[in-house]
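I opened my notebook today to look at how the parts of a model sit together. Here is what I looked up, entry by entry.

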Amino acid sequence: MDSHVQTIDLNAFYGNTAALKNVNLEFPKRQITVIMGPSGCGKTTLLKTINRFLELTDGTRISGKVLIDGENIYAPNVDVTEIRKKAGLLAQRPYPLPMSIYDNVAYGLRIHNMKRGHDLDNAVEHHLREAGLWDEVKDRLRSPATGLSIGQQQRLCLARGLAVEPEMLLGDEPTSALDPISAQRIEQRLLDLKNEYTIVLVTHILRQAKRLADYVVFMYLGEVVECGPAQQVFENPQQERTRAYLEGQF
Amino acid sequence: MKRRQVEEAIFKFIMVCSFLLVASSLGLILFTVIVKGLPSLNWAMLTQTPKGGYYLGKEGGILNAIVGSIYLAGGGTLLALLLGLPIALYLGVYSRKSRISDWVRLSLDVLWGVPSIVYGAFGFILMLAMGMRASLLGGIITLALLELPIMTRAMDEVIRMMPRDLEQASLALGATRMETAIHVVIRQTLPGIITAILLAFGRGIGDAASVLFTAGYTDRLPSGLLRPVASLPLAVFFQLGTPFPEVQQRAYSAALVLTFIVLIISLGSRWLSSRLSRFALK
């Protein structure tokens, strides 16, 4: 297994409460790893340590390491904006930026000085196509992004995230606010994109996990209970708690 | 069941009463200013400076005060904005909940409650220390100090209301806090920021006490940053203080002009903010 992200003795605290306890994991490159578990088990917290989002919340503390391509992203000299550029985030609800559809996608390209002029137009089109939104918005690129439906907004957020050319995508229950058809479209996109990106997905929907996962991490109360290839974990769980969760006991 | 309906009716009654109280005080003020001010409002009032025997009710107008007030309040608001917007962004984006930001908010709240005559006296002492005389610049600085707490706290409140996730959407793309503040936070909260500016401008243009010592008064049009300027609130004050009924009437028309300026600016900025908030997340 070619690992892309690795956590070493990772602990996270909200105040004095431990939210992650000694997490040692490897996330394989260009695969979908699904983190699942009941509410409050630390799934989202784990995800937020990968793009250094946890530190945006007051009173959080981290010990241990998170390595991306072997480099500790919590080392003192690391530029946090570079880390976040590498790891695109798809949040629970889409939050389009207060600008046009075009500018939403161009925003990241502009702040990182990646594209200009005609190249920018091409890049915006390319990433909207990548997110499967181009045909629906090509005639109204200059209208407010807030005018899109929520499912379209989530795909716009995907395009916006892909535009800065990340290496991985982090999904924090990205379909939970969407209707079934929009959710299906996002899932399809993720399956298409896993050939190019490492995808880490948090979900509490078991069936979604089964549809998408190559690797599975099962968490409970801040600890990793079990992890491994999806088929193995789903069909032959080694731990009693995993088995109970898969059978819907909690 | 009955008791709850009576309660509901009582509260509805209280609501209607308070609405009537607010609406009728506004109506009464406008009515007084219009009835007393409109008869002596004419073109000369708006386009001429005071001329021979103006204070005896003869020729001329209050152009000096109109222009002076716009310069003073415009300059003061601009200066307050230059200081206040960065403070509000610091409080809202950089240091949301820290001991420093708590102290800054408390200080601003206290400053908000300081009477304007105290700002006037403070500005006056400051000017004496700097060897300045009553002037447009002195008035602008004093008004900026007066407006700063109102404007900053009003902007701080709207920025704090903004969903955190929107800010994080920008940070997730690798934007710095500065880029997020300028491109996302300001755009999203623009209508609120414009309201804050307007609130501050309204307080600045209507204040007499703070410009009394610091801007002075003159019958001429403003001619430089270091020369005294007239202002509408002081024009009203001086004219009302004369024993001549004609001049007192002019005070009411000056008040009417002042009210109109505030009204035009309010409507203009509402229009502007509705145009600019087209893209904002609702």
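**Entry 1: ground rules.** I count two residues as in contact if their C-beta atoms, placed from the backbone, lie within 7 Å. This is a predicted model, where local features need pLDDT of at least 70 and side-chain atom pairs count only at pLDDT 80 or more, while totals for chains, interfaces and linings use all residues. Residues are numbered from 1 along each chain as its sequence is written, and chains are lettered from A and ligands numbered from 1 in the order in which they are written.

**Entry 2: where the chains meet.** I looked up the contact between the chains and found 26 residues from chain A and 23 residues from chain B. On the side of chain B that touches chain A, helix H7 (164-171) and helix H8 (177-205) of chain B each give two or more residues. Helices (H or I, at least four residues) and strands (E, at least two) are DSSP runs, numbered from the N terminus. H7(B) supplies the largest share of that side, six residues. By type, I noted 11 nonpolar, six polar and six charged residues on this side of chain B. Here Ala, Val, Leu, Ile, Met, Phe, Trp, Tyr, Cys and Pro count as nonpolar, Asp, Glu, Lys and Arg as charged, and the others, Gly among them, as polar.

**Entry 3: one residue up close.** Is B:Val184 buried or exposed? I found that B:Val184 counts as buried because it has 24 C-beta neighbours inside 10 Å. The cut-offs use C-beta atoms placed from the backbone: buried takes 20 or more others within 10 Å, exposed 12 or fewer, and partly exposed lies in between. B:Val184 lies in helix H8 of chain B. Leaving aside neighbours within four places in sequence, its contacts are A:Leu97, A:Pro98, B:Leu166, B:Glu167 and B:Ser170.

**Entry 4: a sheet in chain A.** I then traced an open sheet of four strands in chain A, in the order E2-E1-E4-E5, with antiparallel pairing. Two strands pair if DSSP finds at least two bridges between them. Strand E2 (17-28) and strand E5 (71-72) of chain A are at the edges with a single partner strand each, so one side of each has no neighbour in the sheet. Eight bridges join strand E1 (residues 3-14) to strand E4 (residues 60-68) of chain A. A:Phe13 stands opposite A:Arg61 in E4(A).

**Entry 5: domains of chain B.** Domain bounds come from an automatic or database domain assignment, which gives domain 1 (2-40) and domain 2 (64-279) for chain B. Over C-alpha atoms, the centres of these domains of chain B are 29 Å apart.
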